[in-house]
Amino acid sequence: QGILALQGRAEGDAGHMVRFVNASPLAAALGDVTRAMSAKGAAKLALELRLPLRDMDAFTVRGDLDFAGATLDYEPVGAPLEAITGRLQFTGNSLAFNGVRARLVNAPMTLAGGTREGGRMQLTAEGRMTAESLRLLSGEPLSRHLSGSTAYKADIDLGPGGAKVSVTSDLVGLGSALPAPVGKAPDARMPLALTISPIEPRGGN
């Protein structure tokens, strides 16, 4: 049977792209987690649509979304991802990305991940968190006793019930002037494994 293939490109605000996702079947495939997201900044979209002429409802779609310094807010996190650069690849029911770069409370990170079965999306974030960034992110008064910075890895599971975040770090490079057992010199190793679950979404676009 014949297939009508359409290709298109667009440049515009990343917020329009998020709204496009939320109006498509991809939002349900992502467990509706994108409904708690908003975005702004430059983005480019390349889209390919294939329509079987005898069954137009059986269409397929795939595309690439390139960010060039965009900002993304996900309400449960409480702080925006800024200066996002990199490519997201998607179909009508999946999303994948690798090597996306961003900044969280002015600390650099790289992101990789994609959709999984059951309407979930799994992400891995790796970067270096400074003491100042921890103060801004946590709002915890005791964090003013921290200094330096440390590498970390975060595994994030997003789904209909909210987000589960697991963070690991050896804390090398981060100093603490707090009393024992949480005081440490910057070059001391103090393995950390922290899981926060669930972080529930508070709303959506």
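This report describes the overall build, the nonpolar core and one lysine of a predicted protein model.

## Overall build

The protein has 205 residues, of which 37% count as buried. Its secondary structure consists of three helices and 12 strands. Along the principal axes, the C-alpha atoms occupy a box of roughly 70 × 30 × 25 Å.

Among contacts with a separation of 6 or more, 52% are between residues 24 or more positions apart.

## Surface and charge

The side chains include 21 positive and 20 negative ones. The centres of these two sets are 3 Å apart.

## Nonpolar core

The largest nonpolar core contains 36 residues, and the members that touch the most others are L65, F67, M109 and L111. Strand 6 (residues 95-104) contributes the largest share of this core, with five residues.

Leaving out residues up to four places away in sequence, L65 touches M17, A43, K44, L45, G86, R87, L88 and F90.

## K44

K44, one of the residues that L65 touches, belongs to strand 3 (residues 42-52). K44 counts as partly exposed because its relative accessibility is 46%, a value between the 20% and 50% cut-offs.

With residues up to four places away in sequence again left out, K44 touches A10, E11, D64, L65 and D66. K44 and F97 are 53 residues apart along the chain, and their C-alpha atoms are separated by 15 Å.

Note on methods:
Residues are numbered from 1 along each chain as its sequence is written. This is a predicted model: local features need pLDDT of at least 70, side-chain atom pairs count only at pLDDT 80 or more; totals for chains, interfaces and linings use all residues. Side-chain values use heavy atoms; hydrogens and water are left out. A nonpolar core is a set of buried Ala, Val, Leu, Ile, Met, Phe, Trp, Tyr and Cys residues joined through side-chain atoms within 4.5 Å. Buried means under 20% relative accessible area, exposed over 50%, partly exposed in between (1.4 Å probe, protein chains only). Helices (H or I, at least four residues) and strands (E, at least two) are DSSP runs, numbered from the N terminus. Contact means heavy atoms within 4.5 Å. Lys and Arg count as positive and Asp and Glu as negative; His and the chain ends are not counted. The place of a charge is taken as NZ of Lys, CZ of Arg, CG of Asp or CD of Glu.
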